[in-house]
Amino acid sequence: MRLALPVCLAFLMTACGNSYQSFSTDIVQRHNHWSTPKPRSGELTEQELEMARIAWKYFENNYQESTGLVNAVNNYPSVTWWDASSYLAGMVSALEFGIIEKEEFDRRFIRFIATLNTIDLFMGELPNKAYNTQNAAKVDYANQPGEIGYSALDLGRLLIWLHIIKHRFPQYANAIDSAVLRWNFCNVVDKNGTMFGALLEPGKPVQYLQEGRLGYEEYAAKGFELWGFNTKQALMPEPYATINMYGYDVPYDTRDPRKLKAHSYVVTESYVLDGIELGWDLTADRSSHDAHYSHSWVAEFALQIYRVQEKRYHETGIITARTEHQLAGAPYFVYDTIYTDGFAWNTISEVGDFLPQYSAVAIKGAMGMWVLWDTEYTDLLFEHVSHVYDREKGFYEGVFENGTGLINTFTSNNNGILLEILLYKKQGKLLQYQATTAPSIWTKALQSPFGHEGKCLPRVTDAN
């Protein structure tokens, strides 16, 4: 039985109606009365560079030479594509900081992309949700051989990072395009621009289920859109509402988890990733880093997510940086939310069990807010987490809010995101474009009616 009282009382709720624009306008008007914090920028300090070196240690320890993949969790030879994307982010960052030489980057990426070009796909469609990092075999979440489906959210993040690398290192464009051209997109994005994941359970036919909730859905949808796919429906904030917490209107997805068997989590991570990788910009916006966020409602929602956590600290004294995180023991993973299932500051397992003892200051959440909003509160977050590491293993997952110590586990996602956060401080928006003179293999495939029939590729001329 939950002891927390629901805060979603009717008089606190603000429905979004048919459009987010009225809400966005209201926020913009109120922002005029606030001093909106600016992101941090500049060369890394020696302390920050040392943090980057320590975070990279995770990837030295968990690299699998046979496949080019990295364990998602320390010493456990399995990976998802979300975690693999965090490795790509970490590897690009390590190169830019001079932690690794270009020779090592090339060796690692060539092996990675070779594996992506040769792995068995789920039912011949798309990469399976999980793979064994030692032999690149499809596995379930217990790392046992078999296929279990695919995640549109994980693949959206992978497409973002393949796109970033393709444009930072155009010599790898052909290999990247070749890997993505193996995929069949017919079931992952429909004609309305809705994303679907695949679920295969024992004794049942495969199910294609709408995937993604507010924040994550839009972030992943941008990954597909960068490659020319129509994700119009997935990119819309609706259906959503807001709940007033400490005076801030916090947006949340209103789809009912009781009916749809999928929870709606208000957490920090997706908004941080959208900010540092894509600059809170629309995918059509190829401008370099600036403070004019063309995907304005996402930037506004992100600010609300930051402000309410800052305010909670000022009201309660609890240092707050909420996002999903790994655990050292069962249930191994929790969604440590600002709001979900009708409760504020609700920490739940993937099946919805209430687990307040695992509420934590997540390293990636704290550091993400630190780099995107330069304030006294994020200075405090930095001081709280900047030494939460083992020099030989990388950064711990986080610090429990209740004072019981560190989350004693190390992950690719946490250390990779930490590295890209630091790279954002140095370079700003991580998606950067170079002038190109020749069309890519991907663009040529989209322009031709032959060669990839039956894969539901977008038929456009400007996706590259």
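Tutor: Helices, as named here, are DSSP runs of at least four residues, numbered from the N terminus. The model under discussion is a predicted one.

Student: What is the average pLDDT of the protein chain?
Tutor: Over residues 1–33 the pLDDT is below 50, although this stretch has 58 contacts in the model beyond near neighbours in sequence. Where pLDDT is low, the predicted coordinates should not be read in detail. In the chain, 91% of the residues score at least 70, and the average pLDDT is 91.

Student: How far does helix H11 reach from its first C-alpha to its last?
Tutor: Helix H11 covers residues 296–316, which is 21 residues. At 1.5 Å a residue the expected span is 30 Å, and the helix comes close to this value, with a reach of 30 Å.

Student: Is H11 largely enclosed by the rest of the structure or largely exposed, and how many of its residues are buried?
Tutor: Buried means under 20% relative accessible area. H11 is largely enclosed by the rest of the structure, because its buried residues number 15 of the 21.

Student: Which residue takes a positive phi just after H11?
Tutor: The helix ends at residue 316. Just after it, a positive phi of about 80° is taken by Gly 317.

Student: Which residue of E11 stands opposite Thr 242?
Tutor: Strand E10 (residues 240–245) runs antiparallel to E11, and 6 bridges join them. Their hairpin has 2 residues between the strands, and Tyr 246 takes a positive phi near 55° there. Opposite Thr 242 stands Pro 251.

Student: How far apart in space are Ala 241 and Tyr 252, C-alpha to C-alpha?
Tutor: Ala 241 lies in strand E10, and at 5% relative accessibility it counts as buried. In sequence, Ala 241 and Tyr 252 are 11 residues apart; in space, their C-alpha atoms are separated by 5.7 Å.

Student: Stacked, tilted or edge-to-face: which describes the rings of Phe 185 and Trp 442?
Tutor: A search of the whole structure finds 34 aromatic pairs. For Phe 185 and Trp 442, the ring centres are 6.3 Å apart and the planes stand at 75°, so the pair is edge-to-face. It links distant parts of the chain, 257 residues apart: Phe 185 is in the loop between helix H6 and strand E8, and Trp 442 is in helix H15. Both Phe 185 and Trp 442 are buried, and their pair is edge-to-face.

Student: Over the ring of which residue does the charged end of Arg 108 sit?
Tutor: Another arginine, Arg 157, lies over the face of Trp 82, at 5.2 Å from the ring centre. The charged end of Arg 108 is 4.3 Å from the centre of the ring over which it sits, that of Tyr 63.

Student: In E16, which residue is the bridge partner of Asp 336?
Tutor: An open sheet of 3 strands has the order E12-E13-E16, with antiparallel pairing. Its edge strands are E12 (325–326) and E16 (347–349), each of which pairs on one side only. Strand E13 (residues 333–336) is joined to E16 by 3 bridges. The partner of Asp 336 in E16 is Thr 347.

Key: Residues are numbered from 1 along each chain as its sequence is written. This is a predicted model: local features need pLDDT of at least 70, side-chain atom pairs count only at pLDDT 80 or more; totals for chains, interfaces and linings use all residues. Side-chain values use heavy atoms; hydrogens and water are left out. The expected span of a helix is 1.5 Å times one less than its number of residues. Buried means under 20% relative accessible area, exposed over 50%, partly exposed in between (1.4 Å probe, protein chains only). Two strands pair if DSSP finds at least two bridges between them. Rings of Phe, Tyr and Trp (its six-membered ring) pair if their centres lie within 6.5 Å; planes under 30 degrees apart count as stacked, over 60 as edge-to-face and the rest as tilted. A charge sits over a ring if NZ of Lys or CZ of Arg is within 6 Å of the ring centre and within 35 degrees of the ring normal. pLDDT is the predictor's confidence in each residue, from 0 to 100. Contact means heavy atoms within 4.5 Å.
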